[in-house]
Amino acid sequence: MKKIIGFNASPTKAGVLETAMTKVLKSTGYEFELISLAKKEIKYCLGCVGCAKNNKCILRDDMDELLEKFMEADAVVFGGITRHNGANAIMQNFMERFFPLYHRKILSTGKPVAIVSGGLYSAQEAYKDMSGFVNGFKMNEVGSLIVGGNASCYKCGFGEVCPQSAHIAINGRVPITKDTFYKFENDSECVKKAVELGKKIADTLKN
Ligand SMILES: Cc1cc2nc3c(=O)[nH]c(=O)nc-3n(C[C@H](O)[C@H](O)[C@H](O)COP(=O)(O)O)c2cc1C
């Protein structure tokens, strides 16, 4: 039985990214596992190039298991959120640690990959970072999905008055209510695209 692995780089439990990735993965109809990278120990790449001789990192942490799962997966979904107009640090750190697969032979070549990117106003930026990585590592980008996000200012307690408020910048001087929050499941257009992306991954695995 074929298996799909999702790597979720958002630290938010049951947040937008997790909900959207689950929809994509379920829509494939295949067995899947969604891994929360925030719960894993992933040390920083030291750039020592120790991995060049045997395709194995000198560091011992959860990345051993994560790279094994990546290699064994029939398809993969990478999910990241946008922070400071780029892919968030958990995703960046994770991507850097793929270097062991990139010596002489690129071991990730041809792996079918879908990208899910979240953000409040610039989700495209995390997508660009992830897509650059996926294509640089010669994976097969089968499709992508851009989802919305929520400002920290919606829940910090100062969002209605703070001069730095993203809430005021986006929504104006109106009260923050439960309707202010972006919910993937209420965004029917996006849900439809998530289902389509899942089916696209499934089609790739059938061919
Ligand atoms: C420190 C920080 C920086 C952020 N920077 C951006 C940004 O540059 N662009 C953007 O669209 N959203 C930005 N956001 C909002 C997040 O992308 C948003 O919280 C996330 O997409 C929500 O997904 P989640 O529910 O899965 O956590 C930022 C959030 C934080 C905490």
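Where in the structure does valine 49 lie? I found valine 49 in the loop between strand S2 (31-36) and helix H2 (63-72). Helices (H or I, at least four residues) and strands (E, at least two) are DSSP runs, numbered from the N terminus.

A note on the model: it is predicted, so I keep in mind that local features need pLDDT of at least 70, side-chain atom pairs count only at pLDDT 80 or more, and totals for chains, interfaces and linings use all residues. Residues are numbered from 1 along each chain as its sequence is written.

Entry: the loop. I looked up phi of valine 49 and got a positive value near 60 degrees, in a residue other than glycine. Valine 49 counts as exposed because it has 11 C-beta neighbours inside 10 Å. Asparagine 55 sits in the loop between S2 and H2, and its phi is also positive, near 60 degrees. With 15 other C-beta atoms within 10 Å, asparagine 55 is partly exposed.

Entry: the ligand. I found 19 residues around the ligand, where near means a C-beta atom, placed from the backbone, within 6 Å. Among the closest are Thr12 and Gly149. Helix H1 (16-27) and strand S3 (75-83) each give the shell at least two residues; S3 has the largest share, three.

Entry: the domains. I read domain 1 as 3-148 + 187-206 and domain 2 as 151-182; such bounds come from an automatic or database domain assignment. Their centres, over C-alpha atoms, are 30 Å apart.

Definitions and conventions: Buried ≥ 20, exposed ≤ 12 C-beta atoms within 10 Å, placed from the backbone.
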